[in-house]
Amino acid sequence: ASDVYKRQPEEEVILKLVEKWCNSKDEALNWFRNTHISALGMTAEQAILLGEFQALVSYLSAIEKGRYA
């Protein structure tokens, strides 16, 4: 599925991080748009739109290091 809008650079960074844990790019994009992240109180997409990119990166880095489930 091709997207009709141009992705923001921050979105690309997050999708590349998440794709490592997902089975496909589509799955990563679905996670990005639809999965509520309790620690942030929003989805990854919302975090970027609201200027919370650094908080999102910190959260994902902590997951990568095994700090969150």
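These questions and answers show how labels for this predicted model follow from computed values.

This is a predicted model, in which local features need pLDDT of at least 70, side-chain atom pairs count only at pLDDT 80 or more, and totals for chains, interfaces and linings use all residues. Residues are numbered from 1 along each chain as its sequence is written, and side-chain values use heavy atoms, with hydrogens and water left out.

Q: What makes the fold pattern α-α-α-α?
A: Helices (H or I, at least four residues) and strands (E, at least two) are DSSP runs, numbered from the N terminus. The chain has four helices and zero strands. Read along the sequence, that gives α-α-α-α.

Q: Why is the pair lysine 20 and glutamate 64 called a salt bridge?
A: A salt bridge needs a side-chain nitrogen of Lys or Arg within 4 Å of a carboxyl oxygen of Asp or Glu. Here the N to O distance is 2.6 Å. The value is within the cut-off, so the label applies. The pair links distant parts of the chain, 44 residues apart: lysine 20 sits in the loop between α1 (9-19) and α2 (25-34), glutamate 64 in helix α4 (residues 53-64).

Q: Why does lysine 20 count as exposed, and glutamate 64 as partly exposed?
A: Buried means under 20% relative accessible area, exposed over 50%, and partly exposed in between (1.4 Å probe, protein chains only). Lysine 20 has 54%, so it counts as exposed. Glutamate 64 has 41%, so it counts as partly exposed.

Q: Which other pair forms a salt bridge, and at what distance between the closest N and O atoms?
A: Arginine 33 pairs with glutamate 45, with the closest N and O atoms 4.0 Å apart. This pair also links distant parts of the chain: arginine 33 is in helix α2, glutamate 45 in helix α3 (residues 44-49), 12 residues apart. Arginine 33 has 28% relative accessibility, so it is partly exposed. Glutamate 45 has 24%, so it is partly exposed too. A search of the whole structure finds two salt bridges.

Q: How do you know whether isoleucine 37 is buried or exposed?
A: Its relative accessible area is 3%, so isoleucine 37 is buried. It lies in the loop between α2 and α3. Contact means heavy atoms within 4.5 Å. Leaving aside neighbours within four places in sequence, isoleucine 37 is in contact with Trp31, Met42, Thr43, Ala44, Leu56 and Tyr59.

Q: Why does threonine 43 count as buried?
A: Threonine 43 has 9% relative accessibility, so it falls in the buried class. Its place is also in the loop between α2 and α3. Leaving aside neighbours within four places in sequence, its contacts are Phe32, Arg33, Asn34, Thr35, His36 and Ile37.

Q: How do you know where the buried residues of α2 lie around its axis?
A: Ala28, Leu29, Trp31 and Phe32 are buried in α2. They cover an arc of only 160° around the axis, which puts them on the same side of α2. The arc is that of the directions from the helix axis to the C-beta atoms. What covers the buried residues of α2 includes α1, α3 and α4.

Q: What makes a set of residues a nonpolar core, and which have the most contacts inside the largest one?
A: A nonpolar core is a set of buried Ala, Val, Leu, Ile, Met, Phe, Trp, Tyr and Cys residues joined through side-chain atoms within 4.5 Å. The largest has 18 residues; those with the most contacts inside it are Ile14, Val18, Trp31, Phe32, Ala44, Leu56 and Leu60. The elements giving it two or more residues are α1, α2, α3 and α4. Leucine 60 touches Ile14, Leu17, Val18, Trp21 and Trp31, not counting residues up to four places away in sequence.
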